[in-house]
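User: I am new to reading protein structures. Could you take me through one, feature by feature?

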Amino acid sequence: MRTANVRTAGGPRFAHLHGDSASLLDRAPWLGGKPTGEALAWTEDPLLCPVSPSKVVCIGRNYAAHAKELGHDVPAEPLLFLKPPSALLGPGGTVLLPPESARVEHEAELAVVIGARARRVAEADALAHVFGYACACDVTARDLQRKDVQFTRAKGFDTFCPIGPWIETDLDPARARIRCRVSGATRQDGTTAHMIFSVPTLVSYVSHMMTLEPGDVILTGTPEGVGPLSSGDSLEIEIDGIGVLRLSVGT
Ligand code: MG
């Protein structure tokens, strides 16, 4: 099942997507939203960011080949950082390159959307707290990440957290191909099978630090092949079984 956030004449509405029809919900599905019986035709054009989380928890260096390309060892425990919700960007949006950075890079990632409050959940129970999955890009000002002690500035600019185009509930997060294309050229082509820490491990681990609320998001790390973005680029994040998150890059 695909859940999207659709722009309607009456404002943004969550909806289930069936072919070219959108079945509107009365609220977010992770808050118990149900179909109202209203339906409308949709295209990708009116889709908005499908999440409005209280927090976006990100995992660094969760693929060995990516840790190596940045010159890091593989972490013994998941490496956590946060992105502010103000960094969120929806499908069709423009990643804005800030003047404070000379090198902004793409990191294609699987986003996990929480469906039920999770506090100190066991790995075996973790997937029962997941609503679904989306494509995401952990946009990173690499020069600022290297300069600062921690990642808040480098990862936290407005538009640095695109997520979409919708949330897919039916996906095996342990075996999904994930790709990033920049202006048509494939930059990243990996699989979530190569994650060091699996989705159940990550949900459980994070939930031992902070309560995960319904609608919260975890970005699960990026495979190798990260590289720079330039103004005017098109940016596509594709995950088999979900779809393609299409973006542009500007200033
Ligand atoms: Mg990342």
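Analyst: We will go through the domains, strands, metal site, one arginine and the cysteines. This is a predicted model, so local features need pLDDT of at least 70, side-chain atom pairs count only at pLDDT 80 or more, and totals for chains, interfaces and linings use all residues. Residues are numbered from 1 along each chain as its sequence is written, and side-chain values use heavy atoms, with hydrogens and water left out.

User: Which domains does the chain have?

Analyst: Domain bounds come from an automatic or database domain assignment. Here the assignment gives domain 1 (2-48) and domain 2 (56-250). Their C-alpha centres lie 24 Å apart. Contact means heavy atoms within 4.5 Å. The contact takes 11 residues from domain 1 and 15 residues from domain 2.

User: How do I read strands? What does strand E3 pair with?

Analyst: Strands of a sheet pair through backbone hydrogen bonds, either parallel or antiparallel. Strands (E, at least two residues) and helices (H or I, at least four) are DSSP runs, numbered from the N terminus. Two strands pair if DSSP finds at least two bridges between them. E3 (residues 21-25) runs antiparallel to E2 (residues 11-18), with 4 bridges. Leu17 has Ala22 in E3 as its bridge partner. E2 and E3 form a hairpin with 2 residues between them. In that turn, Gly19 has a positive phi of about 55 degrees. E3 also runs antiparallel to E4 (residues 35-41), again with 4 bridges. There Leu25 stands opposite Pro35.

User: Why is E3 largely enclosed?

Analyst: Buried means under 20% relative accessible area, exposed over 50%, and partly exposed in between (1.4 Å probe, protein chains only). In E3, 4 of the 5 residues are buried, so the strand is largely enclosed by the rest of the structure.

User: Which residues coordinate the magnesium ion?

Analyst: Donors are N, O and S atoms within 2.8 Å of the metal (3.2 Å for Na, K and Ca); water is not among the atoms, so sites may look incomplete. Here Glu107 (OE), Glu109 (OE) and Asp138 (OD) coordinate the magnesium ion at 2.0 to 2.1 Å. Along the chain, the donors follow the spacing E-x1-E-x28-D. Glu107 and Glu109 are buried.

User: Is Arg179 buried or exposed?

Analyst: Arg179 is buried, because its relative accessibility is 15%. Its place is in strand E15 (residues 177-182). A polar contact is a pair of N or O atoms within 3.5 Å; within protein, one must be able to donate a hydrogen and the other to accept it, and residues adjacent in sequence count only if both atoms are side-chain atoms. The side chains of Arg179 and Asp240 make such a contact at 2.6 Å. Not counting residues up to four places away in sequence, Arg179 touches several residues, including Ala108, Gln188 and Glu236.

User: How many disulfides are there?

Analyst: A disulfide is a covalent bond between the sulfur atoms of two cysteines. The rule used is a pair of cysteine sulfur atoms within 2.5 Å. The count is 0. For Cys135, the nearest cysteine sulfur is that of Cys137, 11 Å away. For Cys161, the nearest is that of Cys58, 6.0 Å away. Cys161 counts as buried, because its relative accessibility is 0%.
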